Structure formats: structure tokens, C-alpha cells
Amino acid sequence: MERIDKIIASQGKFSRSEVKKLVKDGRVTLDGAVIKSSDIKADPNINDIAIDGKSIGYKKHLYLMLNKPQGVVSATEDTDHKTVIDLVPKEFKRDGLFPAGRLDGDTVGFVLITDDGDFAHRILSPKNHIMKTYHATLQRPVTDEDIEAFKKGVELKDGTLCLEAQVRALDSDKPMAEIKICEGKYHQVKRMFAALGNKVVFLKRVKMGELSLDESLEEGQCREITPEELRLIQTKD
Ligand code: URA
């Protein structure tokens, strides 16, 4: 049970003081009855809380899929650059949103934004073997040796050992490859190819777990992830 003003404010649309005013104006109902005080407690999973007769559609956590453009940083705040949180539309804004896993400034594609720390930890922990899939344009095509090296675990130039991963060529003419990794070391894909004498020219994350980036999302756009899609993210390879 939680205070009703806190519950409504947690959904992002109204501040605590705005909620207090809504209550004072008799616009908030709890299971159909107008409430007179904002310190009334309720269970948002059981009780129906409505404003002007419309249910607030309580969600404990929010999960968003963003198609990140280049030049936007995977952080919650930055003094010099636009962040992925700046791209979240007003309707989805709430406290505590953060990117679950980082993409470099020049990497584009699937960024999951949430306020659910446990979920983020689960999908990012290498122990859980949830694969992140990237498409890369490279300086030269992948070789059979590269494929073997990825399978064994690439040793980065600084001696760091990566877990086993996968790479395959995407095109017989162009040096394009698909990479699957379950960790998120700093600049990992770029450093893996650098260790193999290759270079990443362009990088896009296209999938998390078994959930593909929605290609109907323009760069910079985001949308909510459905419960079924959330299950796909947690599907191991
Ligand atoms: N690997 C990289 O090198 N960069 C990213 O943004 C993501 C994975």
C-alpha cells in the first residue's frame, strides 16, 4: 500500500503538488469514489485509480525501445550532448529512466530504456547469456579465422579476454557482418575487430535477446515494449 499522490506521481504525468491539487479539486477517484485527501493509501495493482474518470493505467515499470541516432550519448545526463533520455517523449517521461546498456555515440540502433534496475541487470549480466546482436560495416570482410577467433573468445589488444561470441558475413560482396555478444565491455565490438586487424566503420545494434529492433521506428523515435516482447528479450540464444 502506498500514498495515492505518490502512486500517481510515479507514473510521470503529474508532480506530487499537481496531484494534491487534482485531489483537492475532486478529480481523483479510488475504485470509483472521489477521494478527499492525497494521503489515502492504495494498492495500485488492485485498486483502480482514476483522474476525471479515466484510469491512470498504473505501470510499476516502463520499458522502451529506442532507435538511437548517431551523436546521442547513452547516459541520463550530459552537459555537451543530447542523451537517449532527452529523446523520450513527454508521454513516457518518469523518474528513474536510464539506458540498460550503453552504445557508443557513433553507434546506432536498439537501446532499451527502463526504470527497472533488476530487469536491466538480468539482461546485461554475461552470466545470463542474453545475446546482443550487431550489424557492422567493416574495413575488410570477415575470414574463417575471425569466425574461429570469435568462437574461442577474442583476446583484446590490452590482454582482456572476451567470452565466446559469434560472427558471420552478411554479404558476399560487401564487408558486412553480424556479431552476437553476451557482454558489454567498453567499445567491445570495435576492440574485438581491432584485435583481429580489422576496423569497424559503422555499427548498429539490431537485437537484444530474441527481440529485433522495430524497423518502423525512425532514428530518434521510441515506443513501449509489450509484455510478450519483454519475454523475447530474456530468451537465451
Ligand atoms: N561495441 C562497440 O564497440 N560499440 C558499441 O556501441 C556497442 C558494442
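**View 1. Lysine 60 and its contacts.** Lysine 60 touches Arg94 and Asp115, leaving aside residues up to four places away in sequence; contact means heavy atoms within 4.5 Å. The model is predicted: local features need pLDDT of at least 70, side-chain atom pairs count only at pLDDT 80 or more, and totals for chains, interfaces and linings use all residues. Residues are numbered from 1 along each chain as its sequence is written, and side-chain values use heavy atoms, with hydrogens and water left out. Lysine 60 sits in the loop between β6 (54–55) and β7 (63–68). Strands are DSSP runs of E, at least two residues, numbered from the N terminus. Lysine 60 is exposed, at 56% relative accessible area. Exposed means over 50%, buried under 20%, partly exposed in between (1.4 Å probe, protein chains only). Serine 10 is 50 residues away from lysine 60 in sequence, yet 8.4 Å away in space, C-alpha to C-alpha.

**View 2. The glutamate 224–lysine 59 salt bridge.** The closest N and O atoms of this pair are 2.9 Å apart. Glutamate 224 belongs to strand β15 (residues 222–224) and lysine 59 to the loop between β6 and β7, so the bridge ties together parts 165 residues apart in sequence. Glutamate 224 is partly exposed at 26%; lysine 59 is partly exposed at 36%. A salt bridge puts a side-chain nitrogen of Lys or Arg within 4 Å of a carboxyl oxygen of Asp or Glu. The count by this rule is 21.

**View 3. The aspartate 5–arginine 3 salt bridge.** The closest N and O atoms are 2.9 Å apart. Aspartate 5 is buried at 0% relative accessibility, while arginine 3 is partly exposed at 29%.

Methods: Helix = DSSP H or I, 4+ residues; strand = E, 2+ residues; numbered from the N terminus.
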